[in-house]
Amino acid sequence: MKNFYRRGMLVIIFLLFLAFLFILFSTQAKASNLHTTNSFYQQQVSGTVRNGNGDGLLGVTVLVKNQQYGTTTNADGVFELQVQSVDTLVFSSVGYKKVEVAVQGRTVLDIVMLEDMASLGEVEINAGYYNVTERERTGSISRVTSEEIENQPVISPIQALQGRMAGVEVIPNSNLPGGASTIKIRGTNSLREEGNYPLYIIDGVPINSSPIESNSNLGFGGIDPLNTIDPSNIESIEILKDADATAIYGSRGANGVVLITTKKGRHGEMEISTRIYSGFSKVPNRVSLLHTQDYLNIRRRAFENDEVEPTEANAYDLLVWNQNRYTDWQDVFFGQEASITDANVNMTGGDENTQFRLSGSYRNQGTVFLGDYNYKRFSGSAFLSHTTANKKFQLDLSLNYGIDRNDMAGFLELTGDAFYLSPNAPSLFNEDNSINWEEWSAVGLENPLSGFYNKSKTQAKNLNTNLVLSYQLLPGFSFKTNLGFTNYHSNELLKRPKRSFSPASQANIENRSNHLFLERKSFIAEPQLDYHHTIGKANFNMLIGTTFQESRSGLTNLQGTGYASEGLIGNLNAAQNIISPADENTEYRYSAIFSRIGLNWDKRYFLNLTGRRDGSSRFGDGKRLANFGALGAAWIFSEESFIPNSSSFLTFGKLRASYGTTGSDQIGDYGYLDTYSPTLGPGGLFPNQLSNPDYSWEVNKKLEAAIELGFFDNRVNISASWYRNRSSNQLVGFSLPAITGFTSVQANLPATVQNTGFEMVLASNLVSGQNFEWNTNFNFSIPKNELLRYPGLQESTYANKYVVGEPLNIELLYQYTGLDPETGFYSVLDRNDDGSLDYEDRKIALDKSPSFFGGWNHELNFKNFSLQFLWRFVKQEGTLELFKAGFLQNQRAEVIDALNTNTQYQLVSRSTAASRAYNNVLNSNYTITDASFLRLQNLNLSYDVPKNWLRPLGMKSATLFFTGQNLITLTSYKGLDPEIPNGGINFNSLRSITTGLNLKF
């Protein structure tokens, strides 16, 4: 592997050297001519940028065209910049039309910028290795800005994307703070769950996007690796979706790319700002359950129908427990209010050559569950940018560091009992707040709070740093190196004391601890050459570079048992035994050479060619290298002569299309090798993995076509796109017969997964007046996922999971046939009449993915008031658990009416036959219901304090704001949360309300 890596580096460096010589010689003649004629020299230019009313404009970006340096205007619109006499300056600002002015030896420039309310085409978008404007992009890129991100009281920045981007689904996996979310960019491509993670890049540095392992209640979905990134420190998040946008990342971009750009320093006097908010979160909904008397009546009817006499053993809720007691267990288990406190402060400033930014933040958040659980985060960031006086050399250094601590419960079910416990069940605690073991054990039950004193503490430290060095070799020709390092370390301790469990069982229980140590390190180096050249109406730009990445990860998991006292739990030196030790260390190496050639003619016809050759250590010899590439094209037809320049209806029109391939190596390390583990006895080894050196890359072929239109001087902008992605050569664990001694071996399966879809984005400036402005943004997505082909599926172990022609995210169900007229119980269809029910009888496929989804965002500004709100909608189906009417568990309130008419629910019974019928119907299409919803996802109301009130206090600005998250949900779904429509007794979305203050000095 080391020889492969070394040879790959030498080849890539040699190719870069050849490209460097080619570009150098091609530009030498022009550069020599410029110098001999002395047509350019260094000079300082200054000036003022004003709007149409003559007022100076703050924050206007002033860049030297085709170069990598510039400045911004101060509060009076003044700027200063070192330039060359032949340079052209480009002035840009959101809401104003771009202005280009040739210096031509002048030292003073006065610029007037005209308003352009829909000037999105002039806003630069981060495309990863390069920047592009909205107008000129050929790929599919969605963008969310800092204003939209910081107005949401979320922990992870990924959660702020919900409902704001077409083709992007964000699904929370936990109702606890710090839990990871699932992000899907244009669907599911791989049969493996871990094969669908997108690529996360923070300031040019890739990080591992897979959730962090945990032994606590966060273990199901894992811990989000982005938790330590403060959302208030993010400038923008771009999502790269199609082949043209992602192919430059090669295999890493198969499932889309998430680009996170943190805030930078700016030119001007030093500014200090702080943002503080506080509030609470709670569960916004409840399932309507039976009260005590209705519940007891149903229980009595069950005994009557079964002709069984109630006893204290089978009916302690009727004969032992208080018949008049009532407890709403939903309020007990998750009825708390979770407090939220968030504060950050930052300082920024600099001059023409050097800019800086320092930032720090703190967050404290509780939970809605019974118990004292807490999440805390401390984070800091620093940014430094320096450009030499001759503007040829530039250094950009960014550093983000965060620490978070998550104190959660361990091995404690937090939601299920809230729905199943009888409403007259005894209290969980005694009057002295100790756990009530006696009343529960008296009837042979374990108190639902068994494990209540288990505590989990997870502390993570995350460092992400990036250094970019660039040097202008010649006009239009520069060299850049991107160096990045990440280090994520987490330490989790789960304490399980004896007192967490019933005294009756403590004799067989020891004080225990679970320890989990995890570390992820990554280093990346990416030298690049960038060349820009213009000949007449032809514009040419070329990027060539190489990537060297090395990642190391380690995981240690073990248990300590037999602690003499609870106070010693966690100190492994005090444990009598250390059991189940597991230690894993892996190393991953990746290298690539990439190139992009961009051509445009007269800024009307655009062509983008991208190529990348990847090498991965996760494949065997002869399989490690693969080629990926893409072609993107765009035509701005509104610039053609057949579109009148004076047209006030259609003011912008663009057609674009792309096609290309990306790959995937998202599998475990060393899968192509035989591996062994030591035996318990000395000197022995046993095999734990079979080798397969022949498997190779997954391949994802992406096709897209789109149209973009602007109307009424670009006050209304519409974008519509169609895409088709096909992922083949699927990398999965191929199942083996038991006689081999192994359950599976890594292999490529001949399966093809297809994702097609339609996306539409409508952005409009509905009203634009002196005191009132109203902007809206509407996005709409119709995705379709399909297992296109899978030869031999019926003979594989996936026959009970997938169906050709159906989506991957399905659940195979029985067909419900109604109430059995003889028994009165639920019945389902035995398709093959073999007298038993199994997967051969499950032929109905429930698609658990949405039919369509989207969001509608509004922004209204009236004088000093601003209101932003987002409605999010999803069309989908889900399942609803019915509960067992007649058994020792509570029921939905509508059971009463259904029993009176006897048309929906089966005969009230506590018999084994009734239980079997109920379990069968839970896996049938009878439980399918509409789970669509319309949700007020986010609302932010703010007020800017008049500046004349602030000047005596030495403040530049002050803003008061109110934020609401998940305020209203309109749905016919009768479960707890339509976002998790699986049974109806789960929730992941909380309602949050916060108020805060934003100050600038």
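Asp 602 sits in the loop between strand 26 (577–601) and strand 27 (605–616); helices (H or I, at least four residues) and strands (E, at least two) are DSSP runs, numbered from the N terminus. This is a predicted model, where local features need pLDDT of at least 70, side-chain atom pairs count only at pLDDT 80 or more, and totals for chains, interfaces and linings use all residues. Residues are numbered from 1 along each chain as its sequence is written, and side-chain values use heavy atoms, with hydrogens and water left out.

Asp 602 has a phi near 60°, a positive value in a residue other than glycine. With a relative accessible area of 30%, Asp 602 is partly exposed; buried means under 20% relative accessible area, exposed over 50%, and partly exposed in between (1.4 Å probe, protein chains only). Phe 712 also has a positive phi, near 55°, and its place is the loop between strand 32 (698–711) and strand 33 (716–728). Phe 712 counts as partly exposed at 45% relative accessibility.

An α-helix has 3.6 residues a turn, so residues three or four places apart point the same way. Just after helix 4 comes Glu 307, with a positive phi of about 55°.

Next, the charged side chains. The structure holds 43 salt bridges, each being a side-chain nitrogen of Lys or Arg within 4 Å of a carboxyl oxygen of Asp or Glu. In one of them, Arg 252 pairs with Glu 526, with the closest N and O atoms 3.8 Å apart. This pair links distant parts of the chain: Arg 252 is in the loop between helix 3 (243–246) and strand 16 (257–262), while Glu 526 is in strand 24 (residues 512–535), 274 residues apart. Both Arg 252 and Glu 526 are buried.

Lys 391 and Glu 352 form another salt bridge, at 3.1 Å from N to O. Here two loops are linked: Lys 391 is in the one between strand 20 (374–387) and strand 21 (393–409), and Glu 352 is in the one between strand 18 (338–350) and strand 19 (354–366), 39 residues apart. Lys 391 is buried at 3% relative accessibility, and Glu 352 is buried at 12%.

Three of them form an open sheet with mixed pairing, in the order 45-44-49. Strand 45 and strand 49 (982–983) stand at the edges with a single partner strand each, so one side of each has no neighbour in the sheet. Two strands pair if DSSP finds at least two bridges between them; strand 44 (residues 877–880) and strand 49 do so in the parallel sense over two bridges. Thr 879 stands opposite Asn 982 in strand 49.

Elsewhere, strand 17 (residues 268–282) pairs with strand 50 (residues 991–1000) in the antiparallel sense over 10 bridges. Strand 47 (residues 957–965) also runs antiparallel to strand 50, joined by nine bridges. Lys 1000 in strand 50 is the bridge partner of Ser 273 and of Ser 957.

Finally, take Gln 906, in the loop between helix 9 (895–901) and helix 10 (912–922). Gln 906 is buried at 7% relative accessibility. A polar atom of its side chain lies 3.0 Å from the backbone nitrogen of Tyr 826, and the side chain of Gln 906 reaches the backbone oxygen of Ala 914 at 3.2 Å. Leaving aside neighbours within four places in sequence, Gln 906 is in contact (heavy atoms within 4.5 Å) with residues including Leu 819, Phe 825, Leu 899 and Tyr 918.

Key:
Polar contact = N/O pair within 3.5 Å; in protein donor to acceptor, adjacent residues only side chain to side chain.
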